[in-house]
Amino acid sequence: MQKLLIAISLFLLTLQSSFAEESDYTPTALIVGSDREVGFEFTRTYANRGWNVIATGVAPEQNTDLMDLASANTRVTIETFNANDFDAVDALAKKYRGTPVDLLLYATRLNVAEPPSNMEIQKFGQFDYDIFYLSLTTNAVAAIKVAEAFNDNVITSQHKKVVQLSSMNGSIGKPKIRCQRCGNFFTESSFAAANALMRRLFKLHRSRETGVVVGMIAPGPVSIKDIAPLVADNFPADSLVSVEDSVAGMVKIIDGLNEENSGSFYNYNGQELPW
Ligand SMILES: NC(=O)c1ccc[n+]([C@@H]2O[C@H](COP(=O)([O-])OP(=O)(O)OC[C@H]3O[C@@H](n4cnc5c(N)ncnc54)[C@H](OP(=O)(O)O)[C@@H]3O)[C@@H](O)[C@H]2O)c1
């Protein structure tokens, strides 16, 4: 009888320690583009959830809210990082080798729509091809480069999620809306390429049975400071969404990403978007 009790106690102790190990796990999000409104709101949200956040930006020190968040929260680490510098991508991946990355979130774009002057460089007949290439690289090629560099980090994590913030402008099948200035050659082609690359990544992970899931999400017409007048001019007032509501919707989608819906393209409100 005594032996039986000892055996049961040992079994319970083992069970308890394995549960403790699981609940001790702190997930990590690597957010590329943490220093503007949408990326920053993601950073704040995951930090508030108690995740480790590797928050990157081209010039993160310019965002005092981000710097304050990192000073107040030891789980937020700031990295200065330009996704178009592929040596820097490899160097960052090397620095974090062995660190599981549960959510790799690419929230970066070359914003060629910022008014007023940038609209001129993307008019048919006067394209600035250097900016066109930069747009393709920042919005699409660098995203797959980052996913490639951090592949092992994602595979060895518990959540195993790769998400790119895309744009409705990347949808070739999107409903034709009357919009004078939204959408343009650079943005539409680069996000269509980004979607195609992420879709291909999803197929690769599915065929290799890695368990990694991939999602593309359009944040909607977010009324961020820099482009608020442009957005307001081109979308009905009732379709505009605040940064907080957009990110809350996208976090819900990310929470629900699984092997069944991996490879899908969503709007921030959960609606599936056509390719
Ligand atoms: N706002 C909208 O209405 C809207 C609509 C559709 C899609 N989206 C998508 O949502 C995401 C965030 O949008 P947003 O409105 O917050 O964009 P944003 O204000 O233009 O910010 C873009 C972010 O990308 C970063 N970035 C630019 N080039 C980079 C590079 N080479 N390497 C690393 N980071 C770089 C910027 O860093 P710096 O600040 O240091 O330059 C900034 O943090 C983007 O993917 C965008 O396509 C937004």
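Of the 29 residues around the ligand, those that come nearest are Gly-33, Val-38, Val-58, Ala-83 and Asn-111; a residue counts as near a molecule or strand if its C-beta atom, placed from the backbone, lies within 6 Å of it. The model is predicted: local features need pLDDT of at least 70, side-chain atom pairs count only at pLDDT 80 or more, and totals for chains, interfaces and linings use all residues. Residues are numbered from 1 along each chain as its sequence is written. The protein chain holds 9 helices and 7 strands; helices (H or I, at least four residues) and strands (E, at least two) are DSSP runs, numbered from the N terminus.

**Ligand surroundings**

- The shell around the ligand comprises 15 nonpolar, 9 polar and 5 charged residues. Here Ala, Val, Leu, Ile, Met, Phe, Trp, Tyr, Cys and Pro count as nonpolar, Asp, Glu, Lys and Arg as charged, and the others, Gly among them, as polar.
- Helix H2 (residues 37–48) gives the most to this shell, with 3 residues.

**The chain as a whole**

- Buried residues make up 39% of the 275 residues in the protein chain. A residue is buried if 20 or more other C-beta atoms lie within 10 Å of its own, exposed if 12 or fewer, and partly exposed in between, with C-beta atoms placed from the backbone.
- Among the contacts in the protein chain with a separation of 6 or more, 70% are between residues 24 or more positions apart. Two residues are in contact if their C-beta atoms, placed from the backbone, lie within 7 Å.

**The sheet**

- An open sheet is formed by 7 strands in the order E3-E2-E1-E4-E5-E6-E7, and the pairing is parallel. Two strands pair if DSSP finds at least two bridges between them.
- E3 and strand E7 (264–267) stand at the edges, each with a single partner strand, so one side of each is left without a neighbour in the sheet.
- From one strand to the next, the twist averages 20 degrees. Axes are lines fitted to C-alpha atoms, for helices over the stretch in contact, and angles run from 0 to 180 degrees between N-to-C directions.
- Strands of a sheet pair through backbone hydrogen bonds, either parallel or antiparallel.

- Strand E2 (residues 52–57) is largely enclosed by the rest of the structure, because 6 of its 6 residues are buried.
- Asn-52, Ile-54 and Thr-56 point one way from E2, while Val-53, Ala-55 and Gly-57 point the other way, and all are buried.
- Strand E1 (residues 28–32) runs parallel to E2 and is joined to it by 5 bridges; Val-32 stands opposite Thr-56 in E2.
- E2 is also joined by 5 bridges to strand E3 (residues 76–80), and these strands run parallel. The bridge partner of Thr-56 in E3 is Glu-79.
- From E2 the chain crosses through helix H3 (residues 64–72) to E3, in a right-handed β-α-β crossover. A crossover is right-handed if, with the strands pointing away from the viewer, the path from the first strand over the helix to the second runs clockwise.
- E1, H2 and E2 likewise make a right-handed β-α-β unit.
- Glu-61 lies in the loop between E2 and H3, and it is exposed, with 11 other C-beta atoms within 10 Å.

**Strand E6 and its partners**

- Strand E5 (residues 161–165) and strand E6 (residues 213–218) run parallel and are joined by 5 bridges. In E6, Val-213 is the bridge partner of Lys-161, and Met-216 is that of Gln-164.
- Helix H7 (residues 185–208) packs on the sheet, touching E5, E6 and E7, and its direction makes about 160 degrees with that of E6.
- E6 is mostly covered, as 6 of its 6 residues are buried. Val-213, Gly-215 and Ile-217 point one way from E6, and Val-214, Met-216 and Ala-218 point the other way.
- E6 pairs with E7 in the parallel sense over 4 bridges, and Ala-218 stands opposite Asn-267 in E7.

**Positive phi angles**

- Most residues other than glycine have a negative phi.
- Lys-160, although not a glycine, has a positive phi of about 55 degrees. Lys-160 is found in the loop between helix H6 (151–155) and E5, and it is buried, with 22 other C-beta atoms within 10 Å.
- Glu-209, also not a glycine, has a positive phi of about 55 degrees. Glu-209 is placed in the loop between H7 and E6, and it counts as exposed, with 8 C-beta neighbours inside 10 Å.
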